[in-house]
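Here's a quick briefing for anyone meeting this structure for the first time. Have a look at the sequence and the model, then read on.

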Amino acid sequence: MTQPALKLYLAAPRGFCAGVDRAIKIVEMALEKWGAPVFVRHEIVHNRFVVDGLREKGAVFVEELDDCPLDRPVVFSAHGVPKSVPAEAERRNMIYVDATCPLVSKVHIEAERHAEQGLQIVMIGHAGHPETIGTMGQLPAGDVLLVERADDVAGLDVRDPDKLAYVTQTTLSVDDTADVVSALQARFPKIVGPHKEDICYATTNRQEAVKAMAPNVDAILVIGAPNSSNSRRLVEVGARAGCAYAQLVQRATDIDWRALEGIESLGITAGASAPEVLVREVIDAVKARYDVTLEQVETAVERVEFKVPKVLRETVA
Ligand code: 2E7
Ligand code: F3S
């Protein structure tokens, strides 16, 4: 039986970023150095496949430091932690390794520096997300104000409208964030921004690639988890850039084939926490149903790499 023809566009860059690569490597190297179990506070990155793989190697995932025994090492997830977490680990004399992405640490330092200069911090981010909790937790509780949308700006109750700085989550929609920043600047003309954008290179590049493919495809599948902020933003960006059907799927079994009936072109991308094996799995599932012509939509080439912390570099070959 002949299969329908389908033009498949594969976004590049997609999938793992340098911060995710590093965080996974940190857990693997900690397991080599200290043996199992190594505790990990929060999903190291927001992907069940990655988490299950590390669990099989001896990682134990918990939500709080209180759930870790004192005599085993603990790794903090790539999303970052409030200052109180390493402080408490130190107080308990625990061995800990911080897998916070260096680009998140940069935002933490920036928030602290602005606060030292007497500025109150406004964080643009999603309430309850671990990165937002971690960044806000660099300063005393209640000091940092949170805005999620441009509409929230009008309701901000600031200490001094002339002494403000903003920071953002690294995985936000570039376009939505620009709107929030404009609203902040309109109400607080003196508000200070980051030296360089807080939205990271990986977020920006993945959104750019989706934007480039969206107008040319009938549907987009974003491989990523429902709790993955950057992956969910890719779905929104795809829809807003003109694609009629943009859907998040964790893996091939999630694909709603009936929704894809009649399409002639399909775009595929993956969030920063989604492994390439899942992209391959999705491509293979598509190939089993369609006569596929594959084309890459490359809008950037990434060469960013981050070193693992010294404590692991020194002792693990
Ligand atoms: C850390 C940071 O694990 P993710 O899905 O996390 P998000 O923040 O997108 O929910 O993706 C990798 C990652 C991205 N940002 C890890 Cl701060
Ligand atoms: Fe870091 Fe950006 Fe990845 S903040 S973990 S490089 S998505």
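By class, 14 nonpolar, 12 polar and 3 charged residues make up the lining of the largest cavity; here Ala, Val, Leu, Ile, Met, Phe, Trp, Tyr, Cys and Pro count as nonpolar, Asp, Glu, Lys and Arg as charged, and the others, Gly among them, as polar. This is a predicted model, where local features need pLDDT of at least 70 and side-chain atom pairs count only at pLDDT 80 or more, while totals for chains, interfaces and linings use all residues. Residues are numbered from 1 along each chain as its sequence is written, chains are lettered from A and ligands numbered from 1 in the order in which they are written, and side-chain values use heavy atoms, with hydrogens and water left out.

**The cavity**

- A cavity here is a set of points, on a 1 Å grid over the protein atoms alone, where a 1.4 Å probe fits but cannot get out; lining residues have an atom within 4 Å of a point.
- The count comes to 1 cavity of 30 Å³ or more.
- The largest cavity has a volume of about 370 Å³, taken as the space filled by probe spheres set on the points, which are joined across faces, edges and corners.
- Its lining runs to 29 residues, with C17, T170, T171, N230 and A272 lying nearest the centre.
- Helices α1 (18-34), α4 (102-116), α7 (201-213) and α8 (229-240) each give at least two residues to that lining; helices are DSSP runs (H or I, at least four residues), numbered from the N terminus.
- The largest share, 5 residues, comes from α7.

**Ligand 1**

- The space taken by ligand 1 is the largest cavity, meaning that more than half of the ligand's atoms lie within 2 Å of its grid points.
- There are 15 residues around ligand 1, and H46, S228, S229, N230 and S273 come nearest; a residue is near if one of its heavy atoms lies within 4 Å.
- That shell has 4 nonpolar, 10 polar and 1 charged residues.
- An oxygen atom of ligand 1 is 2.6 Å from a polar backbone atom of H46.
- On the side-chain end, an oxygen atom of ligand 1 is 2.7 Å from an N or O atom of N230, and one is 2.8 Å from an N or O atom of H129.
- The protein covers 96% of the 390 Å² of accessible area (Shrake-Rupley method, 1.4 Å probe) that ligand 1 has on its own.

**Ligand 2**

- For ligand 2, too, the space taken is the largest cavity.
- Around ligand 2 you'll find C17, G19, C101, L103, T170, C200, Y201 and A272.
- By class, this shell has 6 nonpolar, 2 polar and no charged residues.

Methods. A polar contact is a pair of N or O atoms within 3.5 Å; within protein, one must be able to donate a hydrogen and the other to accept it, and residues adjacent in sequence count only if both atoms are side-chain atoms. On a 1 Å grid over the protein atoms alone, a cavity is a set of points where a 1.4 Å probe fits but cannot get out, and a pocket is an open set with protein on both sides within 12 Å along at least five of seven lines; lining residues have an atom within 4 Å of a point.
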